[in-house]
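Here is a short report on a protein model and its ligand. Please look at the ligand site, then at one of the helices.

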Amino acid sequence: MQFKTNSLYYGNCLEVMQQWPDQCIDLIYLDPPFNSKANYNQTFGKGNGVPAQVRAFTDTWIWNDAAAQRTMDLKNAVNHPAHKSIVGLHTILGDSGMLAYLTYMAERLAMMKNKLKPTGSIYLHCDPTASHYLKMVMDCVFRVSSFRNEITWKRHESHNNAKGYGNIADIILFYVVGNNYIWNQQCHKYSDAQLGRYK
Ligand SMILES: C[S@@+](CC[C@H](N)C(=O)[O-])C[C@H]1O[C@@H](n2cnc3c(N)ncnc32)[C@H](O)[C@@H]1O
């Protein structure tokens with residue numbers, strides 16, 4: 001699958017990215033699985049006026065043979081950019097659904113690092129289920145010094161939680177490849193109300 005700009009690719013991102021040259025991407029924003037334990041349905045078309053709903057995506061991760069293999073591969077690959085984080089996270093989490101998820105993400109985040117230009121940036125959208133573990137993987141893959149911001153995306157309404165505080169935010173981890181990263185400053189005019197305060 002040849003790399004083309006302004007294009008939409010369909011498939012497993014690991015396999016798609018493998019076909020691309022290294023250092024060809026300016027910016028990555030990823031909204032990957034969160035390990036949210038939720039099922040997401042998608043509504044397509046309207047046959048006979050009734051929307052057809054299919055199970056589009058199951059965000060539940062379990063420890064299985066594939067996860068064990070991924071973990072072993074990453075632990076054996078001492079030069080893999082995510083190696084140290086997976087060794088540490090395996091010690092903390094053991095054989096678990098969370099580690100199954102994190103090894104899956106580690107393989108893809110390392111590939112993304114290779115595909116980003118030296119001036120590139122990456123925004124990883126996740127939530128508090130795994131953001132703290134993902135930050136360790138990102139620190140390892142991109143380096144601690146490449147971390148720029150943890151952005152909080154606050155919703156108006158929280159998810160229900162009968163016995164605890166409602167989760168009201170997603171997290172976006174912003175990392176760059178190198179110090180020479182491209183940054184386009186975003187500005188907008190002050191509102192009249194804001195200007196009025198200083199008259
Ligand atoms: C949190 S959802 C993102 C939803 C999307 N942003 C939207 O608004 O519809 C995560 C998505 O990643 C997809 N996904 C999971 N693993 C993938 C992979 N290896 N390659 C490409 N997409 C993947 C899932 O099918 C799911 O649609």
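## Ligand shell

In the class counts used here, Ala, Val, Leu, Ile, Met, Phe, Trp, Tyr, Cys and Pro are nonpolar; Asp, Glu, Lys and Arg are charged; the others, Gly among them, are polar. The model is predicted. By these classes, the ligand's shell holds 5 nonpolar, 2 polar and 2 charged residues.

The shell residues are Gly-11, Asn-12, Cys-13, Asp-31, Pro-32, Pro-33, Phe-57, Tyr-104 and Arg-108.

## Polar contacts and cover

For Asp-31 the distance is 2.5 Å. For Asn-12 the distance is 3.0 Å. For Arg-108 the distance is 3.3 Å.

On its own, the ligand has 600 Å² of accessible area, and the protein covers 52% of that.

## Helix H3

Helix H3 spans residues 83-93. Its buried residues are His-83, Ser-85, Ile-86, Leu-89 and His-90. Viewed down the axis of H3, these buried residues fall within an arc of 155°, so they line one face of the helix. An α-helix has 3.6 residues a turn, so residues three or four places apart point the same way.

The face turned away from the buried side carries the exposed residues Lys-84, Thr-91 and Ile-92.

## Around H3

What covers the buried residues of H3? The cover includes helix H2 (65-76), helix H4 (97-115) and helix H5 (131-142).

Just after H3 comes Gly-94, with a positive phi of about 65°.

Note on methods: Residues numbered from 1 in each chain as written. Predicted model: local features only at pLDDT ≥ 70, side-chain atom pairs only at ≥ 80, totals over all residues. Heavy atoms only, no water. Buried < 20%, exposed > 50% of the residue type's maximum accessible area, 1.4 Å probe, protein only. Helix = DSSP H or I, 4+ residues; strand = E, 2+ residues; numbered from the N terminus. Arc of directions from axis to C-beta. Contact = heavy atoms within 4.5 Å. Near = heavy atom within 4 Å. Polar contact = N/O pair within 3.5 Å; in protein donor to acceptor, adjacent residues only side chain to side chain. Areas by Shrake-Rupley, 256 points an atom, 1.4 Å probe, with all protein chains shown as cover.
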